[in-house]
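The following exercises concern a single protein model and are each followed by a worked solution. Please consult the sequence and the structure while working through them.

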Amino acid sequence: MNSDSSSGSKVQRLRERQKEAIAQEILSAAAKEIVEKGIHSMHMADVAARAGVAVGTLYNHYKDRDALLCALAALRHSELLATLDERIAAVENEPFRLQIRALLLGIFSHFEENWQFFAAFMQAESAPPVIARPAHSFQRAMYERFDALIERGKQQQVLRAEVAALAPSLLMGMTRAMLMRRLYVKDEPNLLSHVDILVDCFLDGVGRKKT
């Protein structure tokens, strides 16, 4: 490789890093706009101003408002899935109770850290239709992780055979219900304070009865 091509590659990589940095700055600004104003009051010009870029630059990265919302939702989803994968892998050989606890801690910690953002989406009377497909994909990915964890419970023989097939749905439903409670119940404490109670309730329902 000659020096000219090497220099060209370095310039290209630099431009790519700069482009990615600007895209991330725009996503951060959009998240703050949503927290402060709500989804339906988020405007591209305001996002550009907060990010410190020209409106034209914003549109070079995200062709419209829907594309920006999709990218932001996808980022938060990928962050949560990565957190769950890391936490679940760390407790793979632990008793099933500790694995369920690690899963709930991972989910609730992520939502608490980003609560104002998620609340803005949940409180919107109607989310933009373009968000529906990424949300469905995310829900499937979440279910797959619940299902994989329940398989570990089966392997440890701690689940009742007659309800094991329903356990992923029950666990996912319980988790979503707690997020809704966090949103609508006044003075609801941090979700993390409920983890041990939820683990007990879940295993009392689907676990093998002690003899």
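**Exercise 1: Helix α4**

Task: Compare the span of α4 with its expected span.

Solution. α4 has 26 residues and extends 38 Å from its first C-alpha to its last, close to the 38 Å expected at 1.5 Å a residue. The expected span is 1.5 Å times one less than the number of residues. Helices here are DSSP runs (H or I, at least four residues), and strands are runs of E of at least two, numbered from the N terminus. The model is predicted: local features need pLDDT of at least 70, side-chain atom pairs count only at pLDDT 80 or more, and totals for chains, interfaces and linings use all residues. Residues are numbered from 1 along each chain as its sequence is written, and side-chain values use heavy atoms, with hydrogens and water left out.

Next, consider the start of the helix. There, a side-chain oxygen of Asp 64 comes to within 3.2 Å of the backbone nitrogen of Asp 66.

**Exercise 2: Burial along α4**

Task: Which residues of α4 are buried?

Solution. Buried means under 20% relative accessible area, exposed over 50%, and partly exposed in between (1.4 Å probe, protein chains only). By this criterion, the buried residues of α4 include Leu 68, Leu 69, Leu 72, Arg 76, His 77, Leu 80, Leu 84 and Ile 88. An α-helix has 3.6 residues a turn, so residues three or four places apart point the same way.

Asp 85 also lies in α4; Asp 85 is partly exposed, with a relative accessible area of 35%. Its C-alpha is separated by 9.3 Å from that of Gly 106, 21 residues apart along the chain.

**Exercise 3: The largest nonpolar core**

Task: Which residues touch the most other members of the largest nonpolar core?

Solution. A nonpolar core is a set of buried Ala, Val, Leu, Ile, Met, Phe, Trp, Tyr and Cys residues joined through side-chain atoms within 4.5 Å. The largest one has 58 residues, of which Ile 34, Leu 68, Leu 104, Phe 108, Met 142 and Phe 202 touch the most other members. Among the elements giving two or more residues to this core are α1 (3-37), α4 (65-90), α7 (132-155) and α9 (195-206).

Then follow Phe 202. Leaving aside neighbours within four places in sequence, Phe 202 is in contact (heavy atoms within 4.5 Å) with Ile 100, Ile 150, Ala 167, Leu 170, Leu 171, Met 174 and Gly 207.

**Exercise 4: The whole chain**

Task: How many helices and strands does the protein have?

Solution. The count is 9 helices and 0 strands. Of the 211 residues, 40% are buried.

Key: Polar contact = N/O pair within 3.5 Å; in protein donor to acceptor, adjacent residues only side chain to side chain.
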